[in-house]
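Biologist: I've got a model open and I'd like to learn how to read it. Could you walk me through a few features?

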Amino acid sequence: MIPGGFPDGFYAQGHPYGLYEEVRAEGGLVRHPSLPLWVAASHAAVHAVASDPAAYRSGDGILIDEIGKPFDTPPTIMHTDPPEHGRYRGLVAPAFRPSAMRRLEGEVRERIRALLEPVEAGRPFDVVAELAVPLPLQVICLLLGIPEDDWPRFFRWSESIIPGAAPELSDEERAALRMEAGLYLVEVSNERRAAPRDDVISQLAQAEVDGDRLTDIEMVMFLIQLLVAGNETTRHAISGGLLAFAENPDQWEAMKRPEAMPTAIEEILRWTSPVVYFLRTATRPAVLAGRKVEAGDHVMLLYGSANRDPEAFGPNVDRFDVMRRPGAPGLAFGYGPHFCLGAALARMEMRLVLQELRARYGTVTTTGEPVYNGSPVVVGLRSLGLAFG
């Protein structure tokens, strides 16, 4: 059963899928033994909560350590609810439209080719450090219009924000890095207000909500979320997907089929599920997965468990299958009003990486044991040795 809290090392090997299966066997929704929340583990329960922001709000906190903590202003757009959420979302959504992604595709492909240039056939390399980390970071910095000399700082700032992502950092170091990021972003935002460019920061700096410009705090809120969402999750989907191919060589072979690409991307997202969970808070009494939920109850949405639910994805749910055509939506990007704004960008990056790798190499194998970050919020690989042949 679920341990008390989430102790250090609980996600040291990635998602605990055996535990998820036990929770689903209990009906898909269970009371946590020591935390004041319900755990939603079935696809049906997670989907139902994510689809109904009126019944399950985000404004009371989306992480465990936020329970009971009031916010003077929303820390991120993910902490907002309709109609406020829709107004904020409308500000940044144009930067992530499919047409905007198509304009960016050529530059992203060039970045991938440059990263792959030193990767010789048969040479072991760390796919996290040499591809999965730098690519999404470069892409989000390009979108934001960040000078290339500052890109390494953005990596450290991103690591400091995700709980458990950089265990070597002390709480004081994390706080200092977050403050540094906030001050940098405020300074850049003010520069772009005065002299706009063709980038997302300039777009936000000129945007208005109900006739008012975004405050410095609101600007930082948006930009920090874009940094983390555009960097951490895509990184883990790329590296976790390549590990899945190395462990399932028949599926790498299946990628020769042109029709495999769209379903392969969705299967990688289902398989990796980088975001572990977010919380919602019930606004009124409800029945969820056959259990009575009271107003004020917190519900943890376990996305990795929902994406391994055989009720949604079939009896072979624990098999990596690039041709899978499920009858239910994958939940790696969330669902409903909070569906990830950067989904099209992440899918484009994944598609281009797979196209470039598949065109170059016929095989992919591991050259060492994968090492996970152990984060209880965004879980993925810290290092992974691979060799392409």
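Predicted model: local features only at pLDDT ≥ 70, side-chain atom pairs only at ≥ 80, totals over all residues.

Biologist: Fine. Which residues of helix α1 are buried?

Modeller: Here's the general idea: an α-helix has 3.6 residues a turn, so residues three or four places apart point the same way. In this case, helix α1 covers residues 17-25, and its buried residues are Leu19, Tyr20, Val23 and Arg24. They span an arc of only 140 degrees around the axis, which puts them on the same side of α1.

Biologist: What do the buried residues of α1 pack against?

Modeller: Their partners are β1 (29-31), β2 (37-40), β10 (298-302), α13 (303-306) and α14 (310-313). Also have a look just after α1, where Gly27 takes a positive phi of about 115 degrees.

Biologist: Now the core. How many residues does the largest nonpolar core have?

Modeller: The background is that in soluble globular proteins, nonpolar side chains tend to be buried together. Here the largest nonpolar core has 130 residues, and Phe154, Leu204, Leu242 and Phe245 have the most contacts inside it. Helix α10 (residues 216-247) gives this core its largest share, 16 residues.

Biologist: What does Leu242 touch?

Modeller: Leaving out residues up to four places away in sequence, Leu242 touches Val127, Leu131, Trp252, Leu354, Leu357, Val364, Leu386 and Phe388.

Biologist: And the aromatics? How do I read a pair of rings?

Modeller: A pair of aromatic rings is described by the distance of the centres and the angle of the planes. A search of the whole structure turns up 13 aromatic pairs. Take Trp252 and Phe388: their ring centres are 6.2 Å apart and their planes are at 55 degrees, so this pair is tilted. Trp252 belongs to helix α11 (residues 249-254) and Phe388 to strand β14 (residues 385-388), so the pair ties together parts that are 136 residues apart in sequence.

Biologist: Are Trp252 and Phe388 buried or exposed?

Modeller: Trp252 is buried, at a relative accessible area of 2%, and Phe388 is buried too, at 1%. Both belong to one aromatic cluster, together with Phe125, Phe245, Trp271, Phe320 and Tyr361.

Biologist: Which ring does Arg308 lie over?

Modeller: Arg308 lies over the face of Trp271, 3.8 Å from the ring centre. Arg270 is worth a look as well: its charged end sits over the ring of Phe313, 5.5 Å from the centre.

Terms used. Residues numbered from 1 in each chain as written. Heavy atoms only, no water. Core = buried A, V, L, I, M, F, W, Y, C linked by side-chain atoms within 4.5 Å. Buried < 20%, exposed > 50% of the residue type's maximum accessible area, 1.4 Å probe, protein only. Helix = DSSP H or I, 4+ residues; strand = E, 2+ residues; numbered from the N terminus. Contact = heavy atoms within 4.5 Å. Arc of directions from axis to C-beta. Phe/Tyr/Trp six-rings, centres within 6.5 Å; stacked < 30°, edge-to-face > 60°. Lys NZ or Arg CZ within 6 Å of the ring centre and 35° of its normal.
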